[in-house]
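Reader: Hi! I'm new to this one. Could you walk me through it?
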Amino acid sequence: MNESKEESKMQSNEYTPPEKLNIAGKLAKIFIHSKITLMIMLAIILAGVLTYSITPREYNPQIIVPAANIIVPKGGATPEEVQNMVVKPLETILNALPGVKHTYGYAGQDFGAVTVQFEVGESQTESLVKLYNQIMQNMDQMPPGTQTPLIKPINVDDVPMMTLAVTSSELSGYDLRDISLKLVENLRNLPGVSFTNVIGGQSRAINIWLDAQKIALTGIPLEHISKMLKGSNVSLPIGELVNNNTAYPVRVHGFLGNAQEVGEIIISVEQGRPIYLKDIARIEDGPVEVDTLSRIGYGSHAEKLSNQEYPAVTITIAKKPGTNAVTVADAVLEQLELLKKTSLPHNVDITVTRNDGEKAGDAVSELMLHLAIAAGSVFLILIVFLGWREASIVTVTVPLILFVVFFVGYLFDQTINRITLFALILSLGLLVDASIVVIENIHRHIHKGCKPEEFSNLLVKATNEIGNPTNVATFAVILAFVPMAFVTGMMGPFMAPIPFNVPIAMISSLIIAYILVPYLAYKFLSKKAIKEMQTTESMETRHPEKEDWMQVLYEKAITPLVASRTKRNIFLFVVLISLFAAMAQPALQFMRGDDMNSELHPLGVELKMLPYDDTDTFLVQVDMPEGTALEATDTVVRRVNNVLREVPFVTDFSVFVGAPAPIDFAALVRGDIIKEGTNFAQIRVNLVSKKERKMSSHEIAKHFDEAVKDVRVRFPEANIKIYETPPGPPVTMQILAELYGPDYDKLRLAAKDITEKMHNIYGLSNIDDSVTESTDSFQIDIDRTQANLLGVVPAQVSKMLRDYINGFELGYMHLNNVREPVNIIVRLPRSERAVPEQLLSLRVSNASGASVPISSFASIKKVTSAKPILSRNQHQMVIVGGELLTSSPVYAILSLDKMLDGVMLENSQVRFHTTNLGFVEAQPNAVMDYTLLWGGEMRLTLDVFRDMGSAFIVAIVLIFLILVGYYRSFMMPVIVMGAIPLTMIGVFPGHWLTGQAFTATSMIGVIALAGIVVRNSLLLIDFIIEYRAEGKTLKDSVIEAGKVRFRPILLTALAIIFASMIMITDPVFGGLAVSLIFGTISSTILTLLVIPLMYFIWQWHGGVKYTEGGVTPPK
């Protein structure tokens, strides 16, 4: 009771605060006894918990890159004609659109396609509307014979977040597709589910297999058969009849109901006897002709061990934009369990082959755990140095700050993803800094003592004392991060959560430190402190302690350097040499000349965009020569699968022959969505969770690359490629050479020259080019004169042959119990399409109705197929590239550049001018010269480091300007910022010691360090100035300020180090952690010595040596 009265008396006591309160002191004074402070804490907790629970979760931030494919058919046109008449004009039209970044053209036989890519961040809807308008406004410029363009948007929201393989050891792909279509009906109506698709299996169809010999015997022309068939499946309203004031709709019903009705169609009448379709064709109700294959196999770590592969149909599920991937995935799995119990046949299994919801949930949970561990580590450090009460006060602020960040992020439509959480882990050491500085200063003042009734005044004074330098230092840190928001390209939105969340966390931490730390300090420290103060002048008097060991250590280190000019100069020289040595490490590989194309220098630090990620999947692609039959491609695929079964940690692999696997974002960027053909296959390989294996996915991919060498030797014509999931924004190819020049044939030859040189590059695989292999095709030449004499029109023959070789759809069966159209397909059997001479035996009718064999006016010959023409931004282009399983694209590109720049190539006799290795994207000079532009990851790396480097420079300038305004001096900011380069003494050696490459995330760490070290320097210099204002000598001020600030600077450093340690094992953000840990260690040690010495030297030679050093001033 007495204590309560005493406390109440103190709260009501009129105390005199410092003469002038800054924002920190004012906030402390307002809230130190306010009951609203507790209400603020509760409001923050409630808002934070609520927004954390409802904010959508994703694995990575969504990158919006509006794009579309425009496909323009032009029958009978050669690639050259399509390029000149369709692709070039279309690229010109599209390039005129605002917001378009690139256009990519493809001119093939009979059709052209243009892919338009808008700038990153452009509105998807607005971009597509502009695209449609632009094409419709210019339709009159399309050449005659060109069909209406087909516009297919490429939307990142279409990428499935979940794939399900429906399999069975007893049922065929035909049966599984029917089951999957019924299954997907019960999944697409779930909340949050967007597009669904069923891939693989055979669709149901009514196949009409024409018998060429029977048709020849009847003499019925093929076009007559077509006419009769197309007129036999019709139903339409014809109007209405009115009788007795009642209208009756009338409809003609002529739909075909089943295969038997199709067979009963009368094609012709001969001598009074009808000829039915079944007389000249085989009618089957069953699967369509196989042109793709899909299966599933199981690896060494599958629950179901089997050496067989089973038919599989894959269901893909995409989520709606802005929905929670975890919630949607859980809803799908819950529905699946229900369907398994109620409607799924017992002999059908469902394997989840992709679950990005689970992936996102696991990543968020793991990172939240890491965040908690990091916060716990900081708590333990504070207990050691300040005591459990002070540590508890600082720790309480951590969740409050995080809740503020979650709340603000929710208001701005941010999602919780791994980049968001890494940003919070990154800022954890920073966001406790303000609270540490406040509580440490309060701790120091309490130990100095004061009158019990002035305890509140002491807390306000302690908070006010560090207010201005802490404010400036915090804004210096914020300014270090904000320019990162202006990083361009796909890396911009990928990194955007960092410059968004870190400044919010820093501002929140500052306000919360000024409001809550004094409030909580009063609540939890006052009773014990007041008791002490009532009996003694200060705690230090009651409990005399030995001088702090940290202060003793610091004084022993700096005193000789301040006292001796020689020692001081030697020390600074050693620091300078260390800086140059550290900066030389990333340059060592470049200094090796020809040896750059080899393993990394033993003392070097690798430079690259991003390191290899550790995911639960990778993709295998098999490319066979053009014209390879589906069965031949599948033979190679099965050999590859045999190798996959023996690869460690493989659970299952989904096989897609003739069509791409369900796309992910990387496949979308590579253009896999439009790849197809009998010479193409993809295998999606799934691994056990990374928590349950010792090897990373990259190591497993390298192991498979070695194991599959025997297959490559056995099938040299097969190009077996391995694609890993990139850790950041994907590119078309890691190593990409774009060839431009006036002669396209020479570019094709040059591609082969460059491909040969790429085989000499260390670590390069998946080497390929856009020049297709020369393949044979058959060409039917029509003798126009003979055809005209026989009364046959060549166009009539072309259409008929196309219909019966390629097949044509008569319509579809009108059935009530099917989920997709059952098409009626008319076609010659594959056996009658095997030999080209068989086509000449077919007959057509002439103008008089007589049946004429095609052989009477046409001949067939073997020719070389025309090759496609590629272009980019209206320049004809050939591409060559590959992927790296070891080494960095930087070294591979520079090695290739040295091999190719200005060198006469053997086969093409062309000299290329290589370029696009600057910070500004180069343009080809394809009118007269041959130009090679380096693209792929190298271009992305240059753009990102250019933007981040520029951001870093802007941050430095802004920090300098703030410090100039704060100190009203130009020299003082230079001294304060002198700590920035000291971080590099630790950064590069740290990467070397840990075996990490210096990446874009490492650069983020360097940018963060700039703000951190400026913060420490600023607080150090401020205390020196304060001590000098109190009348102390320069030497004593420098030493005393360092001793006083040693503990808070060390605490901040340890908080950053321990908070960052949790990230060091992450394959992507490990570089950031290394930069922060080792950069903080070096900068903390050196800042406490170098910065005071720089200030001492400046002031000493500025006149202090005459007033305090006993030096006689010059006359």
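Author: Happy to! One term to begin with: buried means under 20% relative accessible area, exposed over 50%, and partly exposed in between (1.4 Å probe, protein chains only). By that rule leucine 38 is partly exposed, at 42%. This is a predicted model, where local features need pLDDT of at least 70, side-chain atom pairs count only at pLDDT 80 or more, and totals for chains, interfaces and linings use all residues. Residues are numbered from 1 along each chain as its sequence is written, and side-chain values use heavy atoms, leaving out hydrogens and water.

Reader: Thanks! How many salt bridges are there in the whole structure?
Author: A search finds 36, counting a side-chain nitrogen of Lys or Arg within 4 Å of a carboxyl oxygen of Asp or Glu. One of them joins glutamate 820 and arginine 177, at 2.8 Å from N to O.

Reader: Is arginine 177 buried or exposed?
Author: Arginine 177 is buried, with a relative accessible area of 11%.

Reader: New topic: which residue does arginine 939 form a salt bridge with?
Author: Aspartate 943, with the closest N and O atoms 2.7 Å apart. Both lie in helix α32, four residues apart, about one turn of the helix. Arginine 939 and aspartate 943 are both buried.

Notes: Helices (H or I, at least four residues) and strands (E, at least two) are DSSP runs, numbered from the N terminus.
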